[in-house]
Amino acid sequence: IKNSQENITSIFGENTGNPKLIERVAAEANLSLSGLLVSGALSRQLAPTYLDMMRHNGTLLFHTLGAE
């Protein structure tokens, strides 16, 4: 992680991943977890349909990476 800290401002997990693993990576990179992206498995809570998944991920990335 030391070699890849240049220009890294955000780190994302995924809804099917191990939360402890990504939280550890974020901590070692001195970042807070920016949110969960919905990957191949849809989520009733975050995104029950494919379009909801795209909307959720796009909105999260858009706002987290500072787009206006």
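Biologist: Is Asp52 buried, partly exposed or exposed?
Modeller: Asp52 counts as partly exposed, because its relative accessibility is 24%, and the cut-off for buried is under 20%. Bear in mind that this is a predicted model.
Biologist: Which residue does Asp52 form a salt bridge with?
Modeller: Its partner is Arg55, and the closest N and O atoms of the pair are 3.0 Å apart. Both residues belong to helix α2, where they are 3 residues apart, about one turn of the helix.
Biologist: And Arg55, buried or exposed?
Modeller: Arg55 is exposed, since its relative accessible area is 51% and exposed means over 50%.
Biologist: How many salt bridges are there in the whole structure?
Modeller: The search of the whole structure finds 2. Besides the pair in α2, there is a salt bridge between the side chains of Glu28 and Arg24, at 2.8 Å from N to O.
Biologist: Why are Glu28 and Arg24 separated by about one helical turn?
Modeller: They are 4 residues apart in helix α1, so about one helical turn separates them. Glu28 counts as partly exposed because its relative accessibility is 45%, whereas Arg24, at 56%, counts as exposed.
Biologist: Moving on from α1, what is found in the loop between α1 and β2?
Modeller: Asn30 is found there, and its phi is near 60°, which is a positive value in a residue other than glycine. Asn30 counts as exposed, because its relative accessibility is 70%.
Biologist: Now the strands: how many bridges join β1 to β2?
Modeller: There are 4 bridges between β1, residues 11-14, and β2, and the two strands run parallel. From β1 the chain crosses through helix α1, residues 19-28, to β2, and this β-α-β crossover is right-handed.
Biologist: How exposed is Leu46?
Modeller: Leu46 counts as partly exposed, because its relative accessibility is 31%, and a residue needs over 30% relative accessible area to be part of a patch.

Methods: Residues are numbered from 1 along each chain as its sequence is written. This is a predicted model: local features need pLDDT of at least 70, side-chain atom pairs count only at pLDDT 80 or more; totals for chains, interfaces and linings use all residues. Side-chain values use heavy atoms; hydrogens and water are left out. Buried means under 20% relative accessible area, exposed over 50%, partly exposed in between (1.4 Å probe, protein chains only). Two strands pair if DSSP finds at least two bridges between them. A crossover is right-handed if, with the strands pointing away from the viewer, the path from the first strand over the helix to the second runs clockwise. A salt bridge is a side-chain nitrogen of Lys or Arg within 4 Å of a carboxyl oxygen of Asp or Glu.
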